[in-house]
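Good morning, and thank you for coming.

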Amino acid sequence: MRAVVCADVGSTYTKAAVVDLDGGRLVAAASAPTTVGTDVLHGLDAAVGAAVASAGVAEVPWYVCSSAGGGLRLAVVGYEPLVTAQAGRRVGLSAGANVVHVAAGRLAGADVAALRAARPDVVLLVGGTDGGDAETVTHNATRLAKARFRVPVVLAGNADVREDLRALLAGAGVPVTVAGNVLPRIGVLEPASARAAIREVFLRHVIGGKKLSRGTRFARLVRAATPDAVLTGVEVLAGTLGGDLAVVDVGGATTDVYSVLTPDERDSGPSQEVAGTLWRARTVEGDLGMRWSAPGVVRAAAEERLLDAAEEAQLAAAAAVRAADPGFLPAGDGERAVDRRIAALAATVALRRHARGAATGERAGRDLREVKLLVGSGGVLRHADPGDAAAVLDAVLTDHAGGWALPRAARPVVDVDYVLAAAGLLAADHPGAAAAMLRHHLAPDARRGQGAEIETRRRDTPCRNTRQARVG
């Protein structure tokens, strides 16, 4: 058996899995607490050691992604709020970043101060289509150079001034990486080059800079930010299915939504998005989570009129307990029911925002009617009873009051064995194994019902994760 280890160093737990490359299946999995308080390698080595021992394999290659230490914090500086700045924000999200600040227009002193205050790990500097406005991006690069800005910059604006600005920033001691223009022409969004550059900077500067480990071994092991790996896995799954799909990942601090849609030729006409359309999109809802952000779920659900006053008060108290103790584990059916309700509300609100377009900056929103598969992820779903997990996803698929285009015939499935991140890590070196693993673990038989889909995935899976917190 040709085997590799795929591991995700999360904010709370580190998950490791041994993958059979020939069969495209997981053969063993384990987890351990992420040891951010000491050295993340302690938890990583523990999880990998347990998974490898369970699989009975010897030395195998490691593929690692990480969101420990808060993941990748990105700031976007663009030319105009609704065009290049918005395009840059979409690209940043697709690269697995948490976009913590967006600025547009010519930076003034106060704007540079606000940028510093956001504490980004990387700045994406964009502006002007190729051959278009060059003054704004030049002004902003000059501002960053004069301010002795030492945060790494990815320069992805007007190609006509790219080399001059690279030299300007580098000459001032600003770490700079050049990428293709994210918006080379109005309505044309090209994220690939900037996404690759952000990934490179994350690996070269951010991982080591977060002081998660004392030596250089961890930085050498990590190949991607976890959300970037997951989105790559989602893209592989979409190619395997040959159709639209959506993923909702309910975590302790955020709820992330991914969608891959088939390009609509009608969007090339006069009504096209000026900032371009990103057919593979990710949004991050920082106020929606099972633990740290549980109070935000209750507030958002109340604003969306998903709760009456009595339930809002009851859930607010329960959410406060969870936010105060992120390691909280539900004991008994009553507490598990509360977790299930919070998860359903987080998933519903997150999908509403994603589909309406507010979170992605798209005027017309994202049309999810042709989505064939809805994948649920996150510890609250992976460790739930099949019926409970099905109920959470059913709440999303029957949300007729949200003002968004619901999937018309989507099949729900839970990523019980956390294969999306693993597939994303393997996609470049072992694309066949990545696709085969996703087909086996996530692509259900179309003839089965929703509850049976989730139950069958659990019954047919050859391995299970070891015990871990239900939100990680």
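The model is predicted, so to speak of local features we need pLDDT of at least 70, side-chain atom pairs count only at pLDDT 80 or more, and totals for chains, interfaces and linings use all residues. Residues are numbered from 1 along each chain as its sequence is written, and side-chain values use heavy atoms, with hydrogens and water left out.

A salt bridge here is a side-chain nitrogen of Lys or Arg within 4 Å of a carboxyl oxygen of Asp or Glu. The search of the whole structure finds 24 of them. In one, aspartate 399 pairs with arginine 352, with 2.7 Å between the closest N and O atoms. Aspartate 399 lies in the loop between helix H13 (386-397) and strand E15 (411-414), and arginine 352 in helix H11, so the pair ties together parts 47 residues apart in sequence. Helices (H or I, at least four residues) and strands (E, at least two) are DSSP runs, numbered from the N terminus. Both aspartate 399 and arginine 352 are buried, that is, under 20% relative accessible area, where exposed is over 50% and partly exposed in between (1.4 Å probe, protein chains only). Another salt bridge joins arginine 106 to glutamate 135 at 3.2 Å, N to O. Arginine 106 is partly exposed at 48% relative accessibility, whereas glutamate 135 is exposed at 53%.Lastly, the pocket (an open set of 1 Å grid points with protein on both sides within 12 Å along at least five of seven lines; 1.4 Å probe; lining atoms within 4 Å of a point): 42 residues line the largest one, Ser11 and Thr254 being among the closest to its centre.
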